[in-house]
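Please keep the sequence and the model in view while reading.

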Amino acid sequence: MEYRKLPHGEEQISVLGLGMGGIHNSSDSEIEQVIRKAIENGINYFDLCASASHVYAPVGRAISDNRRNVYMQLHFGAVYNDKGEYGWSRNFDEIRRTVEWELKELNTDYIDFGFLHCVDEDEDFDKLVSIGVFDYLKKLKTQGVVHHIGFSSHTPSVANKIIDTGAIDMMMFSINPAYDFEKGDEYAIGTVSERFALFRRCEADGVGISVMKPFHAGKLLDKNTSPFGTSLSRYQCLQYALDRPGVLTAVPGVRNLSDLDELLGFADASAEEKDYTVIGSFTAEKVAGNCVYCNHCQPCPAGIDIGLVNKYYDLAQVGDKLAAGHYDKLSVKADACLECGHCNRRCPFGVNQQERMKKNAEYFGKGRK
C-alpha cells in the first residue's frame, strides 16, 4: 500500500480508502469483517458518511484495536432519523447531537477529520457559518476533539471560498474522468480548467483531497452507462484520481467483502492495468493540450520527468512559492530537451510537450542562474 503525507499534519494516509455509503445492506458481522480486513491490508482512511446508522457500531468494534492507526472523516451535517436512515441537516443542535452520538457508537473521544457536509452552494456554507457549525468545528479543534477541519463539495467556486478561510486541511471532492471532462451528471460542476485549477490550488496550499465518486457511481465501469460509450476499470479510475494534484486518497464505497477484495487488487495491479490514457481518445475536444501528468510520454531520451516538470510549472502559476524550489532540485531539467519529438508522439492528450519544455525552461530560468 502506498501512503501520502497530509500536508498540514504528520498523518500518512493510504492512497486507497473506504467509503461506507453502500455497506448498509451487509450484516453487522460482515461490516466489521470488511473494516478489519481493510486495516490488515494497509487501508487506514475511512469516510464515515454512512447510508444507515447501524454501520457505526461495527466500525467502532473493528477499529478498537487500531484506533491510533486509522483516520476517519465524520461529517457535520449528515444525520439519521429514528429509523436509522441517512439525511442531512442545517440545524445546529441536531448536528451536534449526531456528532456526539457518532463518537459514542465508534467508542472514540476524537475525530481525525471533521467535515462540513455537502457544501455545494454558497448558501450552504453561509448557513453553516451563520448557525455556528463552522465555529463549533474550530472550537472542537482547539480542544483537541477534532484534529483537522475539512469539507465535502462538488463545486469549484464554493470550494475555493471555503479554502480562502485558511482553516481547511482536507477537502472531499468528486473526481473522475467523466466529471473532469464535462461528461458527467449534475454533480460534474465546473469547467475542465476550473476543476484542474482547484486541484492545483489544493496542492499549492497544502490542502489534501479525498476523492469521492471515482467510478461516477459505477457508470464508468459499464460501456452501456459510461458517458464515453466505453467502459473503464476500477483500477484505471482509481489511478486517474490519484494522479490529480493534491489528492491523498480515493474512498470508493464498498458493499461487502467481495467488493473489498476487488479493490485490494489495486495495490498489486500492473501499470498496464492502471493505464487510463485511453480517455485521451474520447475526450479530445475537452482535454486536448492539457497535461494530466500521466507520464505516458516516458521514457524521455534526455531523462526529463516531463509530467513532474509540467506539474511544478502549473503549480507555480497558481501561486505555489515552493514549486520553483522543487524544480531546482530536479537532476534533469526542462532545458535538457532534445526536441526529438518522442513525447509529442506518445502523448494521448495532444500536448505539445516540446513547446512546454521550452516554456518551462524559460520560466524557471529567468533570473535564476
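## Helices α4 and α6

In α4, the residues Asp-122, Phe-125 and Asp-126 meet Val-158, Lys-161 and Ile-162 of α6. Sorted by class, this contact of α4 with α6 has three nonpolar residues, three charged residues and no polar ones. The model is a predicted one.

Two packed helices are described by the angle between their axes and the distance between the axes. Helix α4 covers residues 122-130, and its axis comes within 9 Å of the axis of α6, crossing at roughly 30°. Angles under 35 degrees count as roughly parallel, and α4 is therefore roughly parallel to α6.

## Helices α6 and α8

Helix α6 spans residues 156-163 and helix α8 spans residues 192-205. Their axes lie 10 Å apart, and the packing angle is about 20°. The two helices, α6 and α8, are therefore roughly parallel to each other. The crossing in which α6 passes α8 is left-handed.

Which residues of α6 and α8 meet? From α6 they are Pro-156, Ala-159, Asn-160 and Ile-163, and from α8 they are Glu-194, Arg-195, Leu-198, Arg-201, Cys-202 and Asp-205. The residues of this contact of α6 with α8 divide into five nonpolar, one polar and four charged.

## Cys-202 in helix α8

Cys-202, one of the α8 residues that meet α6, lies in helix α8. Is Cys-202 buried or exposed? Its relative accessibility is 1%, so Cys-202 counts as buried.

Leaving out residues up to four places away in sequence, Cys-202 touches Ile-163, Met-171, Val-207 and Ile-209. Ile-163 is also among the α6 residues in the contact with α8. Met-171 is 31 residues from Cys-202 in sequence, and the C-alpha atoms of the two are 8.4 Å apart in space.

Thr-155 sits in the loop between β9, residues 146-153, and α6. With a relative accessibility of 8%, Thr-155 counts as buried; the cut-off for buried is under 20%.

What does Thr-155 touch, when residues up to four places away in sequence are not counted? The residues are Asp-120, Phe-173 and Ile-189. For Asp-120 there is a further detail: its backbone oxygen lies 2.8 Å from a polar atom of the Thr-155 side chain.

## Two residues with positive phi

Cys-118 is not a glycine, yet it has a positive phi of about 55°. Cys-118 is found in the loop between β8, residues 111-116, and α4. Its relative accessibility is 25%, so Cys-118 counts as partly exposed. Apart from neighbours within four places in sequence, Cys-118 is in contact with Arg-90, Asp-124 and Ser-152. Ser-64 is 54 residues from Cys-118 in sequence, and in space the two are 28 Å apart, C-alpha to C-alpha.

Lys-213 is also not a glycine, and its phi is positive, at about 55°. Where is Lys-213 found? It is in the loop between β11, residues 208-212, and α9, residues 234-242. At 27% relative accessibility, Lys-213 counts as partly exposed.

## Two further loop residues

Asn-66 has its place in the loop between α2, residues 56-63, and β5, residues 71-76. The relative accessibility of Asn-66 is 25%, so this residue counts as partly exposed. Along the chain, Asn-66 and Arg-36 are 30 residues apart, and their C-alpha atoms are separated by 9.4 Å.

Cys-337 is in the loop between α14, residues 323-328, and α15, residues 342-346. Cys-337 is partly exposed, with a relative accessible area of 23%. Not counting residues up to four places away in sequence, Cys-337 touches Ile-304 and Met-357. Met-357 is 20 residues from Cys-337 along the chain, and the separation of their C-alpha atoms is 6.8 Å.

Conventions: Residues are numbered from 1 along each chain as its sequence is written. This is a predicted model: local features need pLDDT of at least 70, side-chain atom pairs count only at pLDDT 80 or more; totals for chains, interfaces and linings use all residues. Side-chain values use heavy atoms; hydrogens and water are left out. Axes are lines fitted to C-alpha atoms, for helices over the stretch in contact, and angles run from 0 to 180 degrees between N-to-C directions. Helices (H or I, at least four residues) and strands (E, at least two) are DSSP runs, numbered from the N terminus. Angles under 35 degrees count as roughly parallel, over 145 as roughly antiparallel, 65 to 115 as roughly perpendicular and the rest as oblique. A crossing is left-handed if the near helix is turned anticlockwise from the far one by less than a right angle, and right-handed if clockwise. Contact means heavy atoms within 4.5 Å. Ala, Val, Leu, Ile, Met, Phe, Trp, Tyr, Cys and Pro count as nonpolar, Asp, Glu, Lys and Arg as charged, and the others, Gly among them, as polar. Buried means under 20% relative accessible area, exposed over 50%, partly exposed in between (1.4 Å probe, protein chains only). A polar contact is a pair of N or O atoms within 3.5 Å; within protein, one must be able to donate a hydrogen and the other to accept it, and residues adjacent in sequence count only if both atoms are side-chain atoms.
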